Amino acid sequence: MAVFHATPQHSFSPLSLSNFLHPTVSTAPNSIPWCHFRPLRSRKASIAFNGISRAIYEPRSSQESNKPIFKVPCSSRRFLPMESPETSPSSREFLLLKSSASDGATTSPTLSQSVFSVIHLAVSLGIILATDKLLKKAFVAAAIKFPSALFGMFCIFTVLLALDSTVPSAATGVMNFFEPALLFIQRWLPLFYVPSLVILPLSVKDIPAASGIKICFIIVVGWLATLCVAGYMAIAVRNIVKTEMTDAEPMQKPSPFSFVEVWSWTGIFVASFVGALFYPTALGTSARTFLPFLLASTVLGYIVGSKLPGSVKTVFHPIICCAVSADLAALAFGYFSRSGLDPILASYLTKASSNPGAGDILMGFLGSVILSFAFSMFKQRKLVKRHAAEIFTSVIISTIFSLYSTALIGRFIGLEPNLTVSILPRCITVALALSIVTFFEGTNSSVTAAVVVVTGLVGANFVQAALDNLKFRDPIARGIATASSAHGLGTAALSAKEPEALPFCAIAYALNGIFGSVLCSLPLVRQSLIAIAG
């Protein structure tokens with residue numbers, strides 16, 4: 001039987017793999033075939049190449065090479081039997097290339113794995129969406145005004161805690177199962193806010209210019225005031241409890257957008273745009289027919305906006321690029337079809353489940369966003385428990401301040417009471433802000449959604465500079481202040497540059513909306529807010 005002994009060569013070239021291992025052939029009867037390998041001596045020698053310092057590794061001495069370091073059976077397919085030293089270099093290179101190709105084939109995902117990943121995403125996301133729809137129907141049938149998705153979030157969080165205390169492996173399994181759906185929601189989260197901005201030209205038509213200026217004033221001043229209150233409160237509590245910082249659970253980031261996605265959505269946009277021009281009611285109604293190209297234009301705007309340089313994003317946020325892209329597509333279609341802009345925008349967000357538009361599809365994910373908070377909070381449960389005093393105190397006080405200061409400023413500057421009440425949840429994520437305004441009568445939900453998004457954009461663009469000027473150095477204070485004043489968009493902007501603040505942003509982002517919803521569900525609080533607003 002043949003035994004292969006790997007002996008290093010003494011002539012060294014950094015680009016030749018044959019310098020690392022070069023076997024010689026000997027025979028040993030009645031023996032098991034083994035391949036003996038020795039690593040090279042890890043002594044580095046620096047050489048200069050075109051002015052750049054390079055590090056090379058020298059082989060072990062001949063005395064060291066007489067002792068094999070480890071051996072494996074030659075029958076293993078991971079090692080290819082090589083020829084004698086007389087073998088030509090071309091033959092050795094061919095064998096090495098073959099080995100590399102074999103290794104690459106084992107690491108690349110197979111078609112079955114890709115199909116399974118798609119099915120896994122569809123099932124996990126489908127369960128979350130179906131849960132949200134069933135809860136909505138049940139709450140409507142029971143005439144319950146409390147946000148159904150918020151109730152579902154509490155239930156999921158409670159179940160996860162119960163499983164973790166009794167069968168930890170089951171809790172881990174549930175988290176792993178829903179991980180693809182959670183990454184999907186995280187990846188496309190800004191898109192779910194866009195419909196309110198897209199139809200903004202329709203929403204502000206009936207609002208006087210003076211009222212619009214007053215609302216903008218409340219947005220800017222209110223954002224900065226809430227940021228200060230949340231940040232200083234977090235610092236004050238931190239100085240009292242003196243809890244040491246610990247590492248948070250790692251947050252997995254979604255994958256970047258690929259060229260395949262760009263070209264796929266481009267093809268959908270072009271085909272559906274041209275088709276809708278010739279057959280405006282091909283899918284039964286104009287809203288359904290316009291849905292593919294309006295949805296594609298929105299998605300393409302977000303993908304392009306997310307690939308812009310950081311300096312451009314500070315002025316032209318991806319969500320603005322997203323809304324502008326959809327509005328331009330609607331304007332172009334209105335021009336070529338001679339129907340005008342307003343009918344196309346009206347088809348974008350119909351708010352009718354039987355005749356949905358592109359905006360209805362996107363906003364249909366808002367409930368799933370709230371349900372996903374349960375998984376985020378469970379993942380950071382140890383952090384929440386450790387810093388509960390700072391987090392809960394800051395969030396509760398900043399939420400109360402945000403609601404009552406908005407009502408007070410609106411009354412002080414003479415804003416119409418119905419508009420003041422409509423913008424009360426300006427610092428709460430859209431998904432819950434729209435649920436909060438349903439507690440009040442005579443509100444404009446389109447104005448609510450638009451103000452919430454604009455508040456988030458203000459925070460996304462200026463939050464880091466504001467935190468630096470206010471001397472907020474603690475990541476807990478920075479994260480809580482950002483999420484409490486600018487919800488999801490501010491959170492995304494800060495966490496992109498300061499990942500250590502992301503866990504506190506995520507926790508405060510969820511708790512801020514939760515506590516605001518619970519607070520506004522109380523009749524006494526609602527009556528006091530209405531009385532202050534006038």
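Me: Are Glu390 and Arg238 buried or exposed?

Reply: Both Glu390 and Arg238 are buried. Please keep in mind as we go that this is a predicted model.

Me: What links the side chains of Glu390 and Arg238?

Reply: A salt bridge does, with 3.4 Å from N to O. Glu390 belongs to helix α17 (residues 388-413) and Arg238 to helix α8 (residues 209-241), so this pair ties together parts that are 152 residues apart in sequence.

Me: How many salt bridges does the structure hold?

Reply: There are eight salt bridges. Two others are worth a look. One of them joins the side chains of Asp132 and Lys136, at 3.8 Å from N to O.

Me: Why are Asp132 and Lys136 separated by about one helical turn?

Reply: Start with the general idea: an α-helix has 3.6 residues a turn, so residues three or four places apart point the same way. Now the case here: Asp132 and Lys136 are separated by about one helical turn because they are four residues apart in helix α3 (residues 111-141).

Me: How far does α5 reach from its first C-alpha to its last?

Reply: The helix has 21 residues and reaches 30 Å. That is close to the 30 Å expected at 1.5 Å a residue.

Me: Which helices do the buried residues of α5 pack against?

Reply: They pack against α3, α4, α9, α10 and α15. The buried residues of α5 include Met175, Phe178, Glu179, Leu182 and Trp188.

Me: Now to the rings. How should I read an aromatic pair?

Reply: In general, a pair of aromatic rings is described by the distance of the centres and the angle of the planes. This structure holds 18 aromatic pairs. Among them is the pair of Phe257 and Tyr302, which is edge-to-face, with 5.6 Å centre to centre and 80° between the planes. Phe257 sits in the loop between α8 and α9 (259-278) and Tyr302 in helix α10 (residues 286-306), so the pair ties together parts that are 45 residues apart in sequence. Phe257 is buried at 12% relative accessibility, and Tyr302 is buried with a relative accessible area of 9%.

Me: Why is the pair of Phe269 and Phe293 edge-to-face?

Reply: The planes of these two rings stand at 65°, so the pair is edge-to-face; the ring centres are 6.5 Å apart. With Phe269 in helix α9 and Phe293 in helix α10, the pair ties together parts that are 24 residues apart in sequence. Phe269 is partly exposed, with a relative accessible area of 22%, whereas Phe293 is buried at 0%. Both belong to one aromatic cluster, formed by Phe269, Phe273, Phe290, Phe293 and Phe333.

Me: Where does the charged end of Arg381 sit?

Reply: Over the ring of Phe378, 4.0 Å from its centre.

Me: One last topic, the backbone. What should I know about phi?

Reply: Most residues other than glycine have a negative phi. Here Ala143 has a positive phi of about 60° although it is not a glycine. Ala143 is placed in the loop between α3 and α4 (148-166), and it counts as exposed at 67% relative accessibility. Arg338 also has a positive phi of about 60° without being a glycine. Look for Arg338 in the loop between α12 (318-337) and α13 (341-348); it is exposed, at 80% relative accessibility.

Methods
Residues numbered from 1 in each chain as written. Predicted model: local features only at pLDDT ≥ 70, side-chain atom pairs only at ≥ 80, totals over all residues. Heavy atoms only, no water. Salt bridge = Lys/Arg side-chain N within 4 Å of Asp/Glu carboxyl O. Helix = DSSP H or I, 4+ residues; strand = E, 2+ residues; numbered from the N terminus. Buried < 20%, exposed > 50% of the residue type's maximum accessible area, 1.4 Å probe, protein only. Phe/Tyr/Trp six-rings, centres within 6.5 Å; stacked < 30°, edge-to-face > 60°. Lys NZ or Arg CZ within 6 Å of the ring centre and 35° of its normal. Expected span 1.5 Å × (residues − 1). Contact = heavy atoms within 4.5 Å.
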